[in-house]
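Let's take a walk through this protein together. Have a look at the fold first, and then we'll go through it piece by piece.

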Amino acid sequence: MSRRLEAVARVGPDSWDSRSTRIRMLVAEEAARRGARVGVVDVCTAAVAALPVGGAGLSAMSKAAPSHPLCSTDDISERLEELQLTLGEGPCVDAFLHGSAVLTPDLLTRGLQDRWMVFAEAALEAGARAVFALPLQMGAISPGVLDLYAHVPVRLNAEELADALAFADLATLVLLAAGIDETGGPRRGPVEDLGAYRAEIDQASGILTVQLGVGIEEAFVRLRAYAYAQGRQLDDVAADVVARRLRFSPDAEPDQADEET
């Protein structure tokens, strides 16, 4: 049984419906404060206010295209989204791949350093102690993951987990309504309501397919490896590639590139 079904089983279908209504109202209130249509940023902000967490982030994810952080509520959540995207490991990645929530009450728990060899230490250094990753799902469509973090060890109780899952359900609807499909890309129109969509990463990956003579997935891996090795944000490296300030060579090491003049 999935964690979402388990949560419904605990609270009952009627209670789940009322919970969903309450969560929608909380998110709508956040959007009203911004004076804008409901976006995933409102889901993240409302989740932080309602749950014992310090921040939230959301990424559009796909098995067929590069993933993209869409929003974050603070610097730490932004760092966590970037880390998982750049490293290709962490609760967010596992939640997406396995289609189930990954609840990590304490990143210092024995064994996590082996499971996420680089992410666990980097997340602790960033200021996160607990991380909860909730996949966004509707039928066979899974457009992304909602991440929550806390500064201290935290274990969500049944009610808090049910709320977190309800926030994830609403985030799924918001993403799909805004035009983010199962490939992690926009189906139609602008996506300003979702935050800064990382189009430059796609563009940079496309440029690298030509420079390296590889497929789009391998090009993205190379871009990600360089960003991590250099300690840079992935979108900053992508911007340099698109602006022709950085060029990759098929003969160079993964952590090397040439600055163009």
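A contact, as used here, means heavy atoms within 4.5 Å. Helices (H or I, at least four residues) and strands (E, at least two) are DSSP runs, numbered from the N terminus. What you're looking at is a predicted model, where local features need pLDDT of at least 70 and side-chain atom pairs count only at pLDDT 80 or more, while totals for chains, interfaces and linings use all residues. Residues are numbered from 1 along each chain as its sequence is written, and side-chain values use heavy atoms, with hydrogens and water left out.

Now for the overall picture. The protein has eleven helices and seven strands. Of its 261 residues, 49% count as buried; that word means under 20% relative accessible area, with exposed being over 50% and partly exposed in between (1.4 Å probe, protein chains only). If you take the contacts between residues at least 6 apart in sequence, 60% of them join residues at least 24 apart.

Let's start with a pair of helices. Helix 10 (residues 216–230) and helix 11 (residues 234–242) have axes that come within 9 Å and cross at roughly 115°. Those axes are lines fitted to C-alpha atoms, for helices over the stretch in contact, and angles run from 0 to 180 degrees between N-to-C directions. Which residues meet there? On the helix 10 side they are Phe220, Leu223, Arg224, Tyr226 and Ala227, and on the helix 11 side Leu234, Val237, Ala238 and Val241.

Next, find helix 5 (residues 91–98), which is mostly covered, with six of its eight residues buried. Those six are Pro91, Cys92, Val93, Asp94, Ala95 and Phe96. Their cover includes helix 4 (75–87), helix 6 (112–115) and helix 7 (119–126), along with strand 3 (102–104), strand 4 (130–138) and strand 5 (141–150).

Because Arg115 sits in helix 6 and Asp94 in helix 5, the pair ties together parts that are 21 residues apart in sequence.

The whole structure holds nine salt bridges. One of them joins Glu159 and Arg19, with the closest N and O atoms 2.8 Å apart. Here the chain links up over a distance of 140 residues, from Arg19 in helix 2 (residues 13–34) to Glu159 in helix 8 (residues 158–178). Arg19 is buried, with a relative accessible area of 3%, but Glu159 counts as partly exposed at 45% relative accessibility. Arg19 also forms a salt bridge with Asp163, where the closest N and O atoms are 2.5 Å apart. Since Asp163 lies in helix 8 and Arg19 in helix 2, this pair ties together parts that are 144 residues apart in sequence. In this second pair, both residues are buried.

Terms used:
Salt bridge = Lys/Arg side-chain N within 4 Å of Asp/Glu carboxyl O.
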